[in-house]
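Take a look at the chain below. We will walk through its helices, their packing and a few backbone details.

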Amino acid sequence: MNKLLIICGPTATGKTALAVQIAKKFDGELVSADSRQVYIGMDIGTGKDRAKIDVPVWLLDIVNPDEEFSVSVWVKLAGQAVADILSRNKLPIVVGGTGLYIHALIHRPETMDIPPDKKLREKLQNASVGVLQHMIEPTILQSMNQSDRQNPRRLIRKIEIARAKKTLRKSKKIFDCLSVGLTAPQSDLYTRIDDRVDERLRQGMKEEVETLIKKFGRNFPSMSALGYRSLEHWKKDEHSYARRQRTWFKKQKSIEWFDVTGPGYPENVTRSILAWYTRVSDEHKD
């Protein structure tokens, strides 16, 4: 089975630096799982740090800040990158802190590949909410919140998905995946964040923001990224983001956690990855 390594966790835990070391040791290439590093020109604030990455890295600088981007697009591109890396017998290492992207890649939602059914939508566009609700299985309807139950567009999408599901096959697990999570005590994490923000300000973050606003304006989702929407509250915003990331990733039970402030941390991670990397998956055992 194809090996896929995930290195994730809260911001400022050194995920990229570790991923570069692991890539050199295990002949790997990186796939960025950062929802803001996809934007061209958003370099300092998102920490692309190209000078420190001397191994191949995918999915940086994909779209302009005024272009739309979504998790489904990222999953498609990440899947293509992983397939390319594997085809050359190298180890794909997905690294980043955008938990939704990583989760969608590993546990690909079955609805992600269900395209809009134009004929069905045309047929149902004038149907009443009551008629649409009647077309949905009671258990599914009950699982929807009150607002969505009264929203014709959401109801039609549920009907669309239910019909498409009947023809979908359940996808097989295609990766032997190891998820490594990096963490640190909260006080240490805040210090790391503050130091990094100070460094990025010295590198010219203010000028980068001004250049982007002059070229693209402020009214794009990309400009809601931390630091770009407010330099004044950047550190506080990063602290809040780190807490949300920690909460998200802690819910993912498959992650093996390592405290980056602990003794022997890099060696412990390397040993764990080596044991996984050299293990033969069950389906290939005699």
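Most residues other than glycine have a negative phi.

A word on the basis. The model is predicted: local features need pLDDT of at least 70, side-chain atom pairs count only at pLDDT 80 or more, and totals for chains, interfaces and linings use all residues. Residues are numbered from 1 along each chain as its sequence is written, and side-chain values use heavy atoms, leaving out hydrogens and water.

Start with the whole chain. The protein chain has 12 helices and six strands. These are DSSP runs numbered from the N terminus, with helices as H or I of at least four residues and strands as E of at least two. Along the principal axes, the C-alpha atoms fill a box of roughly 60 × 60 × 35 Å. Of the 286 residues, 42% are buried. Buried means under 20% relative accessible area, exposed means over 50%, and partly exposed lies in between, using a 1.4 Å probe and protein chains only. Take the contacts (heavy atoms within 4.5 Å) between residues at least 6 apart in sequence: 76% join residues at least 24 apart.

Now go to helix α1, residues 15–26. Its 12 residues reach 16 Å from first C-alpha to last, close to the 16 Å expected at 1.5 Å a residue. That expected span is 1.5 Å times one less than the number of residues. K15, L18, A19, V20, I22, A23 and F26 of α1 are buried. An α-helix has 3.6 residues a turn, so residues three or four places apart point the same way. The cover over the buried residues of α1 includes strands β1 (2–8), β2 (28–32), β4 (91–95) and β5 (175–183), as well as helix α12 (265–277).

How do α1 and α12 pack? Their axes come within 11 Å and cross at roughly 45°. Axes are lines fitted to C-alpha atoms, for helices over the stretch in contact, and angles run from 0 to 180 degrees between N-to-C directions. α1 and α12 are therefore oblique to each other. Angles under 35 degrees count as roughly parallel, over 145 as roughly antiparallel, 65 to 115 as roughly perpendicular and the rest as oblique. From α1, L18, I22, K25 and F26 meet Y265, V269, T270, I273, L274 and Y277 of α12. By class, this contact has eight nonpolar residues, one polar and one charged. Nonpolar covers Ala, Val, Leu, Ile, Met, Phe, Trp, Tyr, Cys and Pro; charged covers Asp, Glu, Lys and Arg; the others, Gly among them, are polar.

A second pair is α9 (residues 186–203) and α11 (residues 234–250), packed at about 135° with axes 10 Å apart. That angle makes α9 oblique to α11. The class count for this contact is seven nonpolar, two polar and eight charged residues.

Q203 lies in α9. Q203 counts as partly exposed because its relative accessibility is 42%.

Finish with two loop residues. D49, in the loop between β2 and β3 (57–58), has a positive phi near 45°. D49 is partly exposed, at 36% relative accessibility. L59, in the loop between β3 and α2 (71–87), has a positive phi of about 70°. L59 is buried, with a relative accessible area of 11%.
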